[in-house]
Amino acid sequence: MQRALIVGLLIAISSSFLGIFLVLRKYSMIGDGLAHVSFATVALALLFNQSPLLLSIPIVSLSSLLILKLSEDNRIGGDAAIGLISSTAVAIGVMISSLSKGFSVDLYSYLFGSILIISEMDVYLSLILSLIIICTVLYFYQDLFAMTYDMDYAKVSGRKTKRLNQIISFLTSITIVLGIRVVGTMLISSLIIFPTVSALRLSNSFKSTIIWAVIISSFSVIVGLLVSIGFDLPTGSSIVLINATIFILSTWISYVRRGG
Amino acid sequence: MSKLIESKDISVHFGKMIALDKVSFSIDENDYCAIVGPNGSGKTTLMRALLGLVETTSGEFIFSPNFTRNQIGYLPQKSFNHDKHFPASVYEIIMTGLNRESLRKIDVSKEISDLSQKLGIESLLKKRIGYLSGGQQQRVYLARALINKPKLLILDEPTSALDPTIREEFYQLIKKLHQEEKVSIILISHDLSSVSLYATHILYLDQKVVFYGLSTQLCQSEELMTQIGPQATAALCQVENHEHHIHI
């Protein structure tokens, strides 16, 4: 329980730090695509009895760079690139799981999240990786913001946009891999999308959107975990449904603020 | 006057389409150069190539030793993110103009406060960018372009979305920057009659250079007459003379 809360909170903060840069650039589905890739890597890790976390980080990171590379090709585009990689990964994952009959229960817990699979090592790894994500975003904050608002101007003002894109993709990969322990591969992208989209309805500036997203995300993870434990419900679904409720509430607040 | 940039035989091809064909011109310190020409003549492509946003097929831009791309301020034609609900305040948008070096060196809030006062947008700093009028937004993007104290300011059709009164105010603002702050200007426009009132030099572009020289020499240009025809040239120069006359 304690481990789940710590890891959950760290993922909530990391994903909401990244969410705004992905959502506003219409790139939020990369989270979904990478989650599908992590499904394949978890299946592979279970097949070879390896740590899913350690195997997933390099493979998912490489996939994110591949998506980025394919997106630069005008004939493919970002959404198609995500689709290509994610469907191939799911096909590989399903193929592996059908070949090895023994780990269907384990795989299910990675698909939809389970706090029972969080080990002590996961807690330390989550702590280190979350700190890396938060510090990197804070260090490059101005550059990432400039790039999110106006890519051309960011280039003109001397920012290394290609490298920044790679950094964002890499950080997203780490967040996805960490998040699958709590909410599962099927629902992890919701942690990137929901808090940011709800926060966008409540704030006026970029900075306040991030602060709101962190608050919403942390709240939904804590309440979702408590509800999941208290009522013996699936962890990932509980967190996502809390997030969905907050989204409806924030939409209503924004509607009332604008005078109905 | 020392030279800032020299464009030498710049060509840009997009597949088989020739967007620019061996374009040469130069910008000196304190020049005010208007780039004019019909739609699709390559004006924006030329500036995007100069800024490194478009790859050139051949030719080169030669920057003087004491001038770099980082000293260019840019006000693009469609600079802004078109999402009206983008959660960014005016203050945050102006800050995106600062590069890492400036962020370390200057007192950011004082600099933004001074600049916004100069441009008449000090009351808008906390407002969301998407909720401002076209004229107000243009001033904000101008502030973003000026925050690094550029030596050269490139403006791409900055007044196309503005109504005539605000358009005139904007031209006056640029004129002031040019004359008082000694910022060199490149202004892209298809409205020759307006820009020729302020520009020291004109570059008339139609994939290749039709005319490049002092604005006062434009109407004597044989190349221009050959390119756009005697009637169009006469009409253009009449408008120009008329406008000059009104101003005098």
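This tour moves from a pair of helices in chain A to the interface between chain B and chain A. The model is predicted.

**Stop 1: two helices of chain A**

Select residues 141–149 of chain A, which form helix α7, and then residues 161–179 of chain A, which form helix α9. The axes of these two helices are 11 Å apart, and the helices pack at an angle of about 100°. An angle from 65 to 115 degrees counts as roughly perpendicular, and α7(A) is therefore described as roughly perpendicular to α9(A).

Next, display the side chains at the contact. Helix α7(A) contributes A:Asp143, A:Leu144 and A:Met147. From α9(A), select A:Thr161, A:Leu164, A:Asn165 and A:Ile168. By class, the residues of this contact comprise 4 nonpolar, 2 polar and 1 charged.

**Stop 2**

Over all chains, the whole structure has 7 salt bridges.

**Stop 3: the interface of chain B and chain A**

Now show both chains. Here 28 residues of chain B are in contact with 26 residues of chain A. The area buried between the two chains is about 2300 Å², and carbon and sulfur atoms give 53% of it.

There are 2 salt bridges between chain B and chain A. To view one of them, select A:Asp150 and B:Arg144, whose side chains meet at 3.4 Å, N to O. Across the interface, 11 residue pairs are in polar contact.

Finally, select α2 (90–95), α3 (100–105) and α5 (134–146) of chain B. Each of these elements gives two or more residues to the side of chain B that touches chain A. That side has 15 nonpolar, 7 polar and 6 charged residues.

Notes: Residues are numbered from 1 along each chain as its sequence is written. Chains are lettered from A and ligands numbered from 1 in the order in which they are written. This is a predicted model: local features need pLDDT of at least 70, side-chain atom pairs count only at pLDDT 80 or more; totals for chains, interfaces and linings use all residues. Side-chain values use heavy atoms; hydrogens and water are left out. Axes are lines fitted to C-alpha atoms, for helices over the stretch in contact, and angles run from 0 to 180 degrees between N-to-C directions. Helices (H or I, at least four residues) and strands (E, at least two) are DSSP runs, numbered from the N terminus. Angles under 35 degrees count as roughly parallel, over 145 as roughly antiparallel, 65 to 115 as roughly perpendicular and the rest as oblique. Contact means heavy atoms within 4.5 Å. Ala, Val, Leu, Ile, Met, Phe, Trp, Tyr, Cys and Pro count as nonpolar, Asp, Glu, Lys and Arg as charged, and the others, Gly among them, as polar. Buried area is the accessible area (1.4 Å probe) that two parts lose on being put together, summed over both. A salt bridge is a side-chain nitrogen of Lys or Arg within 4 Å of a carboxyl oxygen of Asp or Glu. A polar contact is a pair of N or O atoms within 3.5 Å; within protein, one must be able to donate a hydrogen and the other to accept it, and residues adjacent in sequence count only if both atoms are side-chain atoms.
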